[in-house]
Amino acid sequence: MHDTSTGSTGNTARPSRRTVLAATAGVAAALTVSTTAHASVPDSRLRALIARMTLEEKVGQLFVMRAYGHSATAPDQADIDANLSEIGVRTAAELIAKYRVGGIIYFTWAHNTRNPRQIADLSNGIQKASLEQPRGLPLLVATDQEHGIVCRVGKPATLFPGAMAIGAGGSWLDARTLGKISGTELRAMGINQDYSPDADVNVNPANPVIGVRSFGADPDAVAELVAAEVKGYQGARVAATAKHFPGHGDTAVDSHYGFPVITHSRELWEKLDAVPFRAAIGAGIDSIMTAHIQFPALDDSGDPATLSAPILSGILRGELGYDGVVITDSLGMEGVRTKYGDDRVPVLALKAGVDQLLNPPSIDVAWHAVLKAVRDGELTEARLDESILRILRMKARLGLFDKPYVTQAGVDRLVGTEAHLATADEIAERTTTLLVNEGGTLPLDRRGTPKVLVVGADPASPSGTTGPPTGVLASALAELGFAANALSTGTTPSDATIAKAVTAAKDADVVVVATYNVTAGNSQRTLVDQLLATGRPVVAVAVRNPYDVAQLPSVKACLATYSWTDVELRAAARVIAGRVAPHGRLPVPVQRADDPTQVLYPIGHGLTY
């Protein structure tokens with residue numbers, strides 16, 4: 001059953017700022033504010049809203065929480081059960097009524113993002129549930145739409161190359177265009193805050209959590225692209241979020257599962273990690289997300305940055321002069337739960353200078369912990385008011401007091417349009433990077449090598465709507481005139497699978513291999529070596545990390561796409577077929593596999609034809 005109470009026919013009632021402010025505050029002066037799209041709400045009127053809130057409502061406004069289901073009021077039974085188990089409520093609407101949260105985060109795995117029209121209905125249902133409460137406020141509806149390997153909203157919405165691919169393209173205009181189009185589509189679906197762009201400078205090839213989510217290893221290049229994407233998103237009235245402060249680019253530990261320690265000196269931090277965040281602040285970034293990392297040069301207490309007053313209040317607010325919203329990374333991650341209990345983490349985060357508390361493992365524990373801290377005097381109500389004012393300022397800048405609802409007509413007009421999809425394809429063509437091309441292996445000639453076998457890894461689609469990569473590559477090559485077949489061999493092919501691929505290769509003129517995070521002992525290397533032994537030309541396509549090329553010294557041709565979603569793979573196919581020339585340049589250095597102290601391919605390397 002779908003929730004149609006908010007107008008799935010496209011005729012959703014859209015209250016004006018007059019209606020919303022009247023419902024939230026009853027402040028007469030607020031009712032005279034213009035309802036033009038870019039009107040702002042003065043701080044005096046936002047403070048009047050805060051003054052009328054109960055303490056419980058203030059506590060709720062600080063939280064951004066998940067809820068399972070495609071509908072705010074009528075999710076599937078399995079999602080009701082999951083909500084009851086994890087949150088203690090049946091629906092998103094009940095969550096909002098009980099805890100008065102200030103925001104909701106969408107996840108693919110929570111079944112929030114089935115398709116654009118459904119997302120719009122869910123967003124409207126969420127806003128309606130909040131605005132119908134006493135003194136109800138519009139909500140921030142957020143998601144992680146980084147594109148590339150982190151993408152919650154899938155097709156038919158427009159999907160772009162990820163950050164490292166954009167880094168390979170090196171165009172600030174492409175980064176801004178990505179933000180503008182993606183922001184336009186998100187806003188049409190009722191999503192008004194995006195946890196993007198990633199402002200980390202990825203200088204560690206072994207980084208398991210950032211990697212290709214970063215624009216690259218050059219802080220100035222990363223800074224330029226971060227600022228451009230921020231302007232694109234915020235020009236579309238979606239709050240951008242630079243992450244993960246103070247910088248998560250040099251770690252070999254994933255903060256989802258462990259507690260990383262960054263060993264950079266303060267001087268190196270200033271020259272490397274801080275540069276993109278300064279650029280984001282200069283671009284007027286609406287929100288900055290904290291990292292669950294230990295950074296001894298900035299705070300030697302052993303606390304994660306998310307809970308560090310020296311880092312958040314001292315450096316981010318004091319030294320960098322940032323007065324926008326600070327949001328935690330998910331409070332369910334191990335990196336923030338290692339040292340303190342789940343009841344202490346939200347309180348300590350607020351004391352450190354955080355404004356929004358994202359997705360705690362138990363909203364009930366976290367919410368009551370903050371409430372108790374205020375009642376016991378550990379936190380003052382004035383401290384909460386500071387954060388709520390920043391949150392309400394952001395909501396006002398986004399026009400949520402004017403226009404909290406969206407329409408199906410807007411979805412149909414703006415999401416996944418032919419023009420947007422064509423732009424994404426054009427941007428992708430400027431990112432594909434040709435790393436190796438010995439003997440003119442590429443481009444392929446459909447007359448000389450008409451039969452192509454595509455083998456390799458088929459990692460799961462980030463959004464659940466793309467792939468599989470080998471099939472996408474084969475289909476794209478077939479559309480370009482080749483007789484192409486796909487054979488999925490996985491990320492750790494067995495001897496039997498490798499033998500099957502070798503047999504199939506003997507009937508092909510050329511083999512394209514999609515590789516995924518190849519390491520010294522990985523059987524993907526064995527697969528490539530045995531395919532090379534057939535005498536057939538082998539083209540490697542590194543569909544995630546460009547570092548794969550260092551593990552494949554014998555291949556005559558190697559491309560990097562930086563992600564395995566359709567838009568990048570279709571562009572790679574056009575490069576392989578010679579329909580477009582490769583233009584991408586490495587945004588990170590690739591070290592030698594046998595001696596990581598030596599650079600095999602430097603930043604800026606990239607061949608063409």
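Begin by selecting helix α9 (219–235), where helices are DSSP runs of H or I with at least four residues, strands are runs of E with at least two, and both are numbered from the N terminus. Helix α9 has 17 residues and spans 24 Å from its first C-alpha to its last, close to the expected 24 Å; the expected span is 1.5 Å times one less than the number of residues. This is a predicted model, in which local features need pLDDT of at least 70 and side-chain atom pairs count only at pLDDT 80 or more, while totals for chains, interfaces and linings use all residues. Residues are numbered from 1 along each chain as its sequence is written, and side-chain values use heavy atoms, with hydrogens and water left out.

Next, display the ends of α9. Just after the helix, R237 has a positive phi of about 65°.

Is α9 enclosed or open? Of its 17 residues, 12 are buried, so the helix is largely enclosed by the rest of the structure. Buried means under 20% relative accessible area, exposed over 50%, and partly exposed in between, with a 1.4 Å probe and protein chains only. The buried residues of α9 include P219, V222, L225 and Y233.

Now move to helix α11 (residues 274–282), in which A274, V275, P276, F277, A280 and I281 are buried. Among the elements that cover these residues are α9, β7 (239–245) and α12 (309–319). After α11 comes G284, with a positive phi near 85°.

On a 1 Å grid over the protein atoms alone, a cavity is a set of points where a 1.4 Å probe fits but cannot get out; a pocket is an open set with protein on both sides within 12 Å along at least five of seven lines; lining residues have an atom within 4 Å of a point. The structure holds 6 cavities of 30 Å³ or more.

Select E146, H147, R213 and E229, which are among the residues lining the second largest cavity. Its volume is about 50 Å³, a volume being the space filled by probe spheres set on grid points, which are joined across faces, edges and corners. E229 is also one of the buried residues of α9.

Finish at the largest pocket, with about 750 Å³ of space. Of its 31 lining residues, F107, R152, R213, H256 and M333 are the closest to its centre. The elements giving two or more residues to this lining are β5 (150–151) and β7.

Definitions and conventions. Contact = heavy atoms within 4.5 Å.
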